[in-house]
Amino acid sequence: MVLSQGVLAFLFQAQQKGAVEEIVNLLVEKYIEGGFFMHPILAILIIGLALSIAKLISLRKASINTRKFLSEVKKALEEGGVEKALEVCQKTPGPVASVFQAGLLRANEGIEAAEKAIIAYGGVEMAFLERGLVWLSLFISLAPLLGFTGTVQGMIVAFDSIKEAKNISPEIVAGGISIALLTTLFGLVAAMILQTFYNYFVSKIDRIVVDMEESSIELIDALAEMQLGKKASVPEAKNTTK
């Protein structure tokens, strides 16, 4: 029984391997048939995927549990003040911690100074998060355009073949048009793949920015409460001396 299951598993794997090889061979064949414009489309897809992988890694590092981090900062503010809260920020990666650190460094100058630092540094961190998306957007636009250009070139070649043959043969017309449309197909597929990554990155960055803005507001409130507590303690101390 075990032997028969092993044989069936081996045959299934061999069949899968054969199917994969057939698909790869078909793709290579169509790629060659597509002509010159298939090369820049492939280059765009490879570079775009490399940028997407790098962006995935950077956004993964930038994502943290914002609620947990905020509670740790608030607890540190209550127990050890701004200095202890800064230690928590320094140990935490990501743009949210960096924005908090910028605000806390200016906390001794007042709430307004801390708020301005948070806003300014938040803009810087947002620019870092969006870095590379411009190139990805460019590749999404270029891939189908190159595909259409390759199709136009292929149509010109097809009509030249008809002119040389002096006969509108279905084989000549259908074959030429089929090859011409391959570049459009590959260009659209490349654009769709990169567009999927682009939309994911935009939604991910939007979530990080919203978390950063909401948590920054709560940090400012916590700093204001801390300063009010200090001010309130001063009259009490003077009254006791009297």
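Start with E79: its relative accessible area is 52%, so this residue is exposed (buried means under 20% relative accessible area, exposed over 50%, and partly exposed in between, with a 1.4 Å probe and protein chains only). The side chain of E79 meets that of K84 in a salt bridge, at 3.1 Å from N to O; such a bridge is a side-chain nitrogen of Lys or Arg within 4 Å of a carboxyl oxygen of Asp or Glu. K84, at 35% relative accessibility, counts as partly exposed.

The model is a predicted one, where local features need pLDDT of at least 70 and side-chain atom pairs count only at pLDDT 80 or more, while totals for chains, interfaces and linings use all residues. Residues are numbered from 1 along each chain as its sequence is written, and side-chain values use heavy atoms, with hydrogens and water left out.

As for the overall fold, the protein has seven helices and zero strands. Helices (H or I, at least four residues) and strands (E, at least two) are DSSP runs, numbered from the N terminus. Of the 242 residues, 32% are buried.

Back to the charged pairs: the structure holds three salt bridges. In one of them, R67 and E218 meet at 3.0 Å, N to O. R67 sits in helix α3 and E218 in helix α7, so this pair ties together parts 151 residues apart in sequence. E218 also meets K74, at 3.2 Å from N to O, and here too distant parts of the chain are linked, with E218 in α7 and K74 in α3, 144 residues apart. How exposed are these partners? R67 is partly exposed, with a relative accessible area of 49%; K74 counts as partly exposed at 30%, and E218 does at 21%.

Next come the rings. There are four aromatic pairs in the structure, a pair being rings of Phe, Tyr and Trp (its six-membered ring) with centres within 6.5 Å; planes under 30 degrees apart count as stacked, over 60 as edge-to-face and the rest as tilted. F69 and F100 have ring centres 5.2 Å apart and planes at 40°, so the pair is tilted. This pair joins distant parts of the chain, F69 being in helix α3 (residues 66–91) and F100 in helix α4, 31 residues apart. Both F69 and F100 are buried. Helix α4 (residues 95–105) is itself mostly covered, with eight of its 11 residues buried. Elsewhere, F197, Y200 and F201 make up one aromatic cluster.

On the surface there is a nonpolar patch with about 1,000 Å² of accessible area together, and its members include I47, W135, F148 and M192. Patches are built from residues with over 30% relative accessible area and no salt bridge, like charges being joined within 9 Å and nonpolar side chains (Val, Leu, Ile, Met, Phe, Trp, Tyr) within 5 Å; the areas come from the Shrake-Rupley method with a 1.4 Å probe, and for residues only the protein chains shown count as cover. W135 is in helix α6 and, at 52% relative accessibility, counts as exposed.

Finally, the largest pocket has a volume of about 270 Å³. On a 1 Å grid over the protein atoms alone, a pocket is an open set of points where a 1.4 Å probe fits, with protein on both sides within 12 Å along at least five of seven lines; lining residues have an atom within 4 Å of a point. Grid points are joined across faces, edges and corners, and the volume is the space filled by probe spheres set on the points. Helix α2 gives the largest share of the lining, seven residues.
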